[in-house]
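These are my notebook entries on a structure that I had not examined before. I set down what I looked up, entry by entry.

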Amino acid sequence: MFFVYLLRLVKTKGFHMDIETLRDMCRALPAVTEDIKWGHDLCFSVAGKMFCVAGLEGPLTVSFKVKDEEFDELSNSPGMRPAPYVARYKWVLVEDPGCLNRKEWAHYVKQSYELVRSKLPKKLAKQHGLT
């Protein structure tokens, strides 16, 4: 299902990330839940572990986990920086959603999901139908 969604995203021009598009992207992944934390952040989780967080106040900002080897480059890219409180876990904060195109958004959201999912204990993954 996610790959069909990804193909549809790549074919679309004139992309502008918004909260509904991000929500659709995250919810297309298996066993994803969403909830509001800290009063104003929309959090997407797999088996209770967050993989993407969007700020709901002010302009859209989004945080997600990246590979260790990508962290320094991405967190120093225009429109991005290390995510407050979780940068030590290799999370970046996208302050300018336009700095990534649709294909990049889909890649980083799915990659963050996979990085978090891969660290789940086998029993927990099985309970959520992820094995």
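**Entry 1: helix α3.** In this predicted model, I began with helix α3, residues 68-75, and asked which of its residues are buried. I found Glu70, Phe71, Leu74 and Ser75 to be buried. These residues lie on the same side of α3, because they cover an arc of only 120 degrees around the axis. I noted in general that an α-helix has 3.6 residues a turn, so residues three or four places apart point the same way. On the other side of α3, I recorded Glu69, Asp72 and Glu73 as exposed. I then looked up what covers the buried residues of α3; the cover includes β5 (80-82), β6 (91-94) and α4.

**Entry 2: the whole protein.** I next placed this helix in its setting. The protein has five helices and six strands. Read from the N terminus, the elements follow the order α-α-β-β-β-β-α-β-β-α-α. Of the 131 residues in the protein, 43% are buried. I also looked at contacts between residues at least 6 apart in sequence, and 47% of these join residues at least 24 apart.

**Entry 3: aromatic pairs.** How many aromatic pairs does a search of the whole structure find? The search returns three. For phenylalanine 51 and tyrosine 113, I read ring centres 5.4 Å apart and planes at 85 degrees, so this pair is edge-to-face. The two residues are 62 apart in the chain, with phenylalanine 51 in strand β3 (residues 49-55) and tyrosine 113 in helix α4 (residues 102-118). Phenylalanine 51 counts as buried, at 0% relative accessibility, and tyrosine 113 is likewise buried at 0%.

I then took phenylalanine 64 and tryptophan 105, whose ring centres are 6.0 Å apart with planes at 75 degrees, so that pair is edge-to-face as well. It too links distant parts of the chain: phenylalanine 64 is in strand β4 and tryptophan 105 is in helix α4, 41 residues apart. Both residues are buried. I noted that Phe64, Trp105 and Tyr108 form one aromatic cluster.

**Entry 4: lysine 65.** I turned to lysine 65, which lies in strand β4, residues 61-65. This lysine is buried yet has no salt bridge. The nearest side chain of opposite charge to lysine 65 is that of aspartate 68, 5.3 Å away; a salt bridge would need the nitrogen and oxygen within 4 Å. What I did find is that the side chain of lysine 65 reaches the backbone oxygen of tyrosine 89 at 2.6 Å. Leaving aside residues up to four places away in sequence, I listed the residues that lysine 65 touches, among them Phe51, Tyr89, Trp91 and Tyr108.

**Entry 5: salt bridges.** I counted six salt bridges. One joins glutamate 34 and arginine 23, at 2.9 Å from N to O. Glutamate 34 is in strand β1 (residues 32-37) and arginine 23 is in helix α2 (residues 19-27), 11 residues apart. I recorded Arg23, Arg27 and Glu34 as linked in a network of salt bridges. Another salt bridge joins lysine 37 and aspartate 35, at 3.1 Å.

Glutamate 114 also forms a salt bridge with arginine 117, the closest N and O atoms being 3.6 Å apart. Why are glutamate 114 and arginine 117 separated by about one helical turn? They are three residues apart in helix α4. Glutamate 114 is partly exposed at 28% relative accessibility, and arginine 117 is partly exposed at 28%.

Methods: Residues numbered from 1 in each chain as written. Predicted model: local features only at pLDDT ≥ 70, side-chain atom pairs only at ≥ 80, totals over all residues. Heavy atoms only, no water. Helix = DSSP H or I, 4+ residues; strand = E, 2+ residues; numbered from the N terminus. Buried < 20%, exposed > 50% of the residue type's maximum accessible area, 1.4 Å probe, protein only. Lys, Arg positive; Asp, Glu negative; His and termini not counted. Polar contact = N/O pair within 3.5 Å; in protein donor to acceptor, adjacent residues only side chain to side chain. Contact = heavy atoms within 4.5 Å. Phe/Tyr/Trp six-rings, centres within 6.5 Å; stacked < 30°, edge-to-face > 60°. Arc of directions from axis to C-beta.
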